Amino acid sequence: MSTNNQYVKTDEHGVYRVGKLGVMLDGIAYAFYEGDSAETIWQQYPSATLEEVYGAIAFILANRAEIENYLKRQEQEWERFKAECDKNPSPVVERLRRLRLQPASNNP
């Protein structure tokens with residue numbers, strides 16, 4: 001019987017990871033806050049085990065304030081990333097944007 005499980009770890013970037021395969025805690029936390037059951041969350045993240053999902057939920061409940069602050073930081077980081085991508089889009093994104101602005105062709 002294993003009693004020394006640490007279901008949530010922090011990676012080198014400060015991101016909380018769940019289980020052996022490192023599912024981000026963010027999605028599990030949001031699903032839990034929206035009222036999804038552990039089983040439903042597990043279906044959304046099949047690379048985590050049901051035990052790991054329950055472990056993540058226990059971690060969230062035990063560290064609620066810390067997790068809420070973490071999720072706010074993650075949202076801010078995501079906004080910075082999106083702004084940077086908008087300022088310096090890849091050539092593929094630029095081409096797709098140009099194609100979207102072109103009138104639809106009547107050619108089959």
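Mentor: Lys and Arg count as positive and Asp and Glu as negative, while His and the chain ends are not counted; each charge is placed at NZ of Lys, CZ of Arg, CG of Asp or CD of Glu. Here the protein chain carries 13 positive and 16 negative side chains, with the centres of the two sets 7 Å apart. Keep in mind that this is a predicted model, where local features need pLDDT of at least 70, side-chain atom pairs count only at pLDDT 80 or more, and totals for chains, interfaces and linings use all residues. Residues are numbered from 1 along each chain as its sequence is written, and side-chain values use heavy atoms, with hydrogens and water left out.

Trainee: How many helices and strands does the protein chain have?

Mentor: Helices (H or I, at least four residues) and strands (E, at least two) are DSSP runs, numbered from the N terminus. The protein chain has 5 helices and 3 strands, and the pattern along the sequence is β-β-β-α-α-α-α-α.

Trainee: Is Q74 buried or exposed?

Mentor: Buried means under 20% relative accessible area, exposed over 50%, and partly exposed in between (1.4 Å probe, protein chains only). Q74 has 19% relative accessibility, so Q74 counts as buried. Across the protein chain, 23% of the 108 residues count as buried.

Trainee: Where does Q74 lie, and which residues is Q74 in contact with, leaving aside neighbours within four places in sequence?

Mentor: Q74 lies in helix α4, residues 64-87. Contact means heavy atoms within 4.5 Å, and Q74 is in contact with V15, M24 and D26 once those neighbours are left aside. A polar contact is a pair of N or O atoms within 3.5 Å; within protein, one must be able to donate a hydrogen and the other to accept it, and residues adjacent in sequence count only if both atoms are side-chain atoms. The side chains of Q74 and D26 make one of 3.1 Å.

Trainee: And where is V15 found?

Mentor: V15 sits in the loop between β1 (8-10) and β2 (16-18). V15 counts as buried because its relative accessibility is 11%.
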